[in-house]
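Here is a friendly briefing to read with the model open beside you. It begins with charged side chains and then turns to strands and their pairing.

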Amino acid sequence: MALHTGSCHCGKVAYEVETDLAQVIECNCSICRRKGYLLTFVPRSALNVIRGEEDLATYTFNTHTIQHRFCSTCGTATFGEGKQPTGEATAAINVRCLETVELSEITPIPFNGRDARG
């Protein structure tokens with residue numbers, strides 16, 4: 001596990017997240033495909049919003065179980081929040097927003113979210 005810092009483009013929203021980046025998912029569902037997300041999932045307790053909580057906007061769709069959080073100023077999609085089937089609070093971190101991660105060193109795992117049934 002490592003502590004990573006992330007932020008939106010304009011810097012109003014910043015956070016820290018503890019994750020090992022062992023699994024980075026590239027999903028092809030309607031929103032992930034359009035936004036180009038690379039996601040890693042962590043318990044919500046591993047995510048600490050340092051600043052800009054009040055600058056986050058939320059988008060939900062379909063079953064409204066995931067709150068897609070983004071900066072209301074620059075529109076950067078920083079992370080999402082939801083619950084595992086067990087009820088555990090979880091966060092989906094957009095790895096593209098992590099400042100210290102070299103994306104060329106990551107091999108994303110494809111996930112067929114387009115055809116997933118939930």
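Glu81 is buried, with a relative accessible area of 16%, which puts this residue below the 20% limit for that class. Please keep in mind that the model is predicted.

- Searching the whole structure turns up three salt bridges.
- Arg44 and Glu81 meet through their side chains in one of them, with an N to O distance of 2.5 Å. This pair links distant parts of the chain, 37 residues apart: Arg44 sits in the loop between strand S4 (39-43) and S5, while Glu81 belongs to strand S8 (residues 77-83).
- Glu81 also forms a salt bridge with Arg69, at 2.7 Å from N to O. Because Glu81 lies in strand S8 and Arg69 in strand S7, the pair ties together parts that are 12 residues apart in sequence.
- Arg69 and Glu53 make a salt bridge too, with 4.0 Å between N and O. Here strand S7 (residues 67-71) supplies Arg69, and the loop between S5 and strand S6 (56-59) supplies Glu53; the two residues are 16 apart and link distant parts of the chain.
- As a general point, side chains of opposite charge can pair when their charged atoms come close.

**Buried or partly exposed?**

- Which class does Arg69 fall into, buried or exposed? Arg69 is buried, because its relative accessible area is 11% and the limit for that class is under 20%.
- Arg44 has 22% relative accessibility and so counts as partly exposed.
- Glu53, at 40% relative accessibility, counts as partly exposed as well.

**The three-stranded sheet**

- Three strands form an open sheet in the order S1-S2-S5, and their pairing is antiparallel. S1 and S5 are the edge strands, each pairing on one side only. From one strand to the next, the twist averages 25°.
- How many bridges join S1 to S2? Six bridges connect strand S1 (residues 2-7) with strand S2 (residues 14-19), and the two run antiparallel. Within this pairing, Leu3 stands opposite Glu18 in S2.
- The hairpin of S1 and S2 has six residues between the strands, and Gly11 adopts a positive phi near 90° there.
- S2 pairs with strand S5 (residues 47-51) as well, in the antiparallel sense and over four bridges. Glu16 stands opposite Asn48 in S5.
- In general, strands of a sheet pair through backbone hydrogen bonds, either parallel or antiparallel.

**His4 and its surroundings**

- His4 lies in strand S1 and is buried, with a relative accessible area of 10%.
- Its side chain makes a polar contact of 3.4 Å with the side chain of Thr100.
- Which residues does His4 touch, leaving aside its neighbours within four places in sequence? His4 is in contact with Tyr15, Glu16, Val17, Thr19, Leu21, Leu98, Thr100 and Val101.

**The annotated span**

- UniProt, in an unreviewed entry, places the feature "domain: CENP-V/GFA" at residues 4-112.
- The end C-alpha atoms of residues 4-112 lie 27 Å apart, and the span is 6% helix and 44% strand.

Conventions:
Residues numbered from 1 in each chain as written. Predicted model: local features only at pLDDT ≥ 70, side-chain atom pairs only at ≥ 80, totals over all residues. Heavy atoms only, no water. UniProt positions renumbered as here; feature names shortened; annotations may be inferred. Pairing = 2+ DSSP bridges. Buried < 20%, exposed > 50% of the residue type's maximum accessible area, 1.4 Å probe, protein only. Polar contact = N/O pair within 3.5 Å; in protein donor to acceptor, adjacent residues only side chain to side chain. Contact = heavy atoms within 4.5 Å. Axes fitted to C-alpha atoms, helices over the stretch in contact; angles between N-to-C directions.
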